[in-house]
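Please read these notes with the model open beside you. They go point by point.

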Amino acid sequence: MITDYHKPSTLNKAQQNLRLQQYITAGSIFLLLAKMAAYLFTHSLAILTDALESIVNVIAGFVGLYSLYVAAKPRDREHPYGHGKAEFVSAAVEGTLIVAAGLLIIYEAINDFITPRTIHQLDTGCWIIAGTALMNYVGGMFCLRQGKKNSSLALQASGHHLQMDSYSTLAILAGLLIMLFTQLWWIDKTIALIMSLFIIYNGYTIIRKSLAGIMDEADKQLLERFIQLLNENRKKEWIDLHNLRVIQYGDQLHIDCHLTLPWYLNLHEAHREIDALSVLIQSKMGNSIELFVHTDGCMPFSCTVCSIDNCQVRQEPMKSRQEWTLDNILSDEKHRL
């Protein structure tokens with residue numbers, strides 16, 4: 001049995017994500033131009049490092065924009081689960097670009113050790129990149145807030161990337177100020193090398209998370225929250241639940257499970273129990289839900305874990321109320337003592 005629940009506001013989430021990504025992409029272009037201007041003023045390798053990362057921001061912004069456009073499309077015959085997987089692909093591309101930028105920075109830093117460049121107007125460059133750091137942080141904050149609210153991996157990846165960019169810019173700014181007052185020009189190359197390692201690590205974490213989504217890796221935190229919800233609101237008629245699968249596609253949660261109910265319930269009564277389960281999940285999980293429930297009638301061995309009072313067909317006494325856990329609820333085996 002399939003039940004599909006949507007909160008009214010959920011229907012506009014994809015459009016909200018797309019609109020914010022458009023603003024972020026436009027802002028990334030502006031910040032790239034500002035940082036390139038700062039590099040032309042100063043010829044600082046550290047500032048070039050910041051500018052190269054902004055190039056990645058712009059490319060990733062357009063990739064994210066396209067992925068959110070695709071994800072906003074309704075499900076169709078060729079994509080019965082919708083287009084939410086496009087966001088995972090976008091995040092993987094963005095992470096790859098971030099790693100590539102880090103490697104390019106290492107290459108430029110090594111070249112600069114061999115053939116040093118002269119740095120000019122460092123104070124002007126510091127003012128420019130300080131302004132870009134503030135703008136990036138604010139943009140990242142909005143991306144993270146809406147990405148978490150709307151369960152958008154693409155927006156969350158953009159938000160983390162923008163805030164990471166602002167932190168790295170502030171670190172670069174601190175180094176440039178030290179260099180400005182001490183005239184120790186080797187600091188410029190050292191900053192670039194340190195930041196490149198930081199950038200590569202963050203790119204790897206984004207790739208890792210996106211590949212987990214593409215491969216439908218189990219989200220243990222989500223599963224544990226779901227299991228806790230079931231245990232706290234479990235009805236006596238829900239004798240057993242097993243073979244649970246929870247998969248996220250964009251802002252959609254697809255949940256499959258097997259639910260054991262008393263064998264003597266008629267079709268309408270069994271449907272009411274599934275509706276109750278659906279309403280519970282919809283009210284607590286805060287996502288669009290597509291729930292597929294396979295119902296099983298209880299068997300004689302189910303009596304030992306069944307807590308229904310005064311059951312007229314009970315064949316064995318109840319021994320213990322079995323708590324649903326991550327181990328036993330994912331199993332394809334029915335619970336028994």
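The points below run from the overall fold to single residues.

1. **Ground rules.** This is a predicted model, in which local features need pLDDT of at least 70, side-chain atom pairs count only at pLDDT 80 or more, and totals for chains, interfaces and linings use all residues. Residues are numbered from 1 along each chain as its sequence is written, and side-chain values use heavy atoms, with hydrogens and water left out.

2. **Overall make-up.** The protein has nine helices and four strands. Both kinds of element are DSSP runs numbered from the N terminus: helices are H or I with at least four residues, strands are E with at least two. Read from the N terminus, the order is β-α-α-α-α-α-α-α-β-β-α-β-α.

3. Of the 337 residues in the protein, 49% are buried. Buried means under 20% relative accessible area, exposed means over 50%, and partly exposed lies in between (1.4 Å probe, protein chains only). The protein exposes about 16900 Å², and carbon and sulfur atoms supply 62% of that area. Accessible areas come from the Shrake-Rupley method with a 1.4 Å probe; for residues, only the protein chains shown count as cover. Among contacts with a separation of 6 or more, 74% join residues 24 or more positions apart. Contact means heavy atoms within 4.5 Å.

4. **The largest core.** Which residues touch the most other members of the largest nonpolar core? They are Ile129, Ile172 and Leu176, in a core of 29 residues. At least two core residues come from each of H1 (13-42), H2 (45-71), H3 (86-114), H4 (122-149), H5 (153-182) and H6 (186-214). A nonpolar core is a set of buried Ala, Val, Leu, Ile, Met, Phe, Trp, Tyr and Cys residues joined through side-chain atoms within 4.5 Å. Ile172 touches Ala46, Ile47, Asp50, Ile129, Ile191 and Met195, not counting residues up to four places away in sequence.

5. Leu222 is found in helix H7 (residues 220-232). Its relative accessible area is 11%, so Leu222 is buried.

6. **Helix H4.** Does the length of H4 agree or disagree with its residue count? At 1.5 Å a residue, its 28 residues should span 40 Å; the end C-alpha atoms are 41 Å apart, which agrees. The expected span is 1.5 Å times one less than the number of residues. Buried residues of H4 include Gly125, Ile129, Thr132, Asn136, Gly139, Gly140 and Gly147.

7. **A nonpolar surface patch.** Leu134, Tyr137, Val138, Phe142, Tyr167 and Leu170 form a nonpolar patch with about 580 Å² of accessible area together. Patches use residues with over 30% relative accessible area and no salt bridge; like charges are joined within 9 Å, nonpolar side chains (Val, Leu, Ile, Met, Phe, Trp, Tyr) within 5 Å. A salt bridge is a side-chain nitrogen of Lys or Arg within 4 Å of a carboxyl oxygen of Asp or Glu. H4 gives the largest share, four residues. Leu134 sits in H4 and counts as exposed because its relative accessibility is 58%.

8. **Lys35.** Leaving aside neighbours within four places in sequence, Lys35 is in contact with Ile47, Asp50, Ala51, Ser54, Thr132, Asn136, Asp165 and Thr169.

9. **Positive phi.** Two residues deserve a look here. His43, not a glycine, has a positive phi of about 60°. His43 is in the loop between H1 and H2 and is partly exposed, with a relative accessible area of 32%. Asn310, also a residue other than glycine, has a positive phi near 55°. Asn310 is in the loop between S4 and helix H9 (326-330) and counts as exposed at 70% relative accessibility.

10. **Gly297.** This glycine lies in strand S4 (residues 288-297). Gly297 counts as partly exposed, at 33% relative accessibility. Leaving aside neighbours within four places in sequence, Gly297 is in contact with Thr260, Leu261, Trp263 and Lys334. The C-alpha atoms of Gly297 and Leu265 are separated by 8.6 Å, and the two residues are 32 apart along the chain.
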